[in-house]
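Colleague: Could you walk me through this one? I'd like to start with the strands and then turn to the aromatic rings.

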Amino acid sequence: MRRDTTLYLYELAWMLPSVALPVGMLAALLVTAFAAHIHLPGDTGRIDPAKVTETAPFNQLGVVETAPGRYEARILAGIWFFTPPEIRVPEGSEVTFVATSKDVIHGFFLPHGDVNAMLIPGQVTRITTRFHTPGEYPFLCHEYCGIAHHTMAGKVVVEPRP
Ligand code: CUA
């Protein structure tokens, strides 16, 4: 009798986590999708990679001030350059990087501000961060894109306010 009860408790000890884990994962999925609004990019950011230099906003590359203290940095990736390779903004700016690739898959990794994205031909990547301190913040391609992949880099120069 006693042995049977012990076996039953062992069984229960394994059954409970095996139910709780998938239920917990499902709950986490629902919370991130509906409460935190974290989801895959939709169709809104599509672009024809063959016509990227004629299509807004990539027909005007570089930094544009969209509101006081807010900037949009339009960057085009191609083997093996970022255009433009240098972004200049004043300190305290909020910068939205709008970027895509005109040829193969590239990466956009800017360790300051936790920017880590893929640049996929045909898809527009948008990612926002803020630069509080003046200085130089390098960014680089971190998706292998060919023979000169390791040279593909650029930088954000944050200038002190006068
Ligand atoms: Cu572009 Cu690696």
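Modeller: Two strands pair if DSSP finds at least two bridges between them, and strands are DSSP runs of E with at least two residues, numbered from the N terminus. This is a predicted model, in which local features need pLDDT of at least 70, side-chain atom pairs count only at pLDDT 80 or more, and totals for chains, interfaces and linings use all residues. Residues are numbered from 1 along each chain as its sequence is written, and side-chain values use heavy atoms, with hydrogens and water left out.

Colleague: OK, what stands opposite proline 90 in strand 10?

Modeller: That is glutamate 159; strand 4 (residues 86–90) and strand 10 (residues 153–159) run parallel and are joined by five bridges.

Colleague: And how many bridges join strand 9 to strand 10?

Modeller: Six, with the two strands running antiparallel, and proline 138 has lysine 155 in strand 10 as its bridge partner.

Colleague: Switching to the rings, how many aromatic pairs are there?

Modeller: Rings of Phe, Tyr and Trp (its six-membered ring) pair if their centres lie within 6.5 Å, with planes under 30 degrees apart counted as stacked, over 60 as edge-to-face and the rest as tilted. The count by this rule is six.

Colleague: Why is the pair of phenylalanine 82 and phenylalanine 139 edge-to-face?

Modeller: Because their ring planes lie at 80°, with the centres 5.1 Å apart. The pair links distant parts of the chain, since phenylalanine 82 is in strand 3 (residues 81–83) and phenylalanine 139 is in strand 9 (residues 135–140), 57 residues apart.

Colleague: Is phenylalanine 139 buried or exposed?

Modeller: Phenylalanine 139 is buried, at 0% relative accessibility, where buried means under 20% relative accessible area, exposed over 50% and partly exposed in between (1.4 Å probe, protein chains only).

Terms used:
Helices (H or I, at least four residues) and strands (E, at least two) are DSSP runs, numbered from the N terminus.
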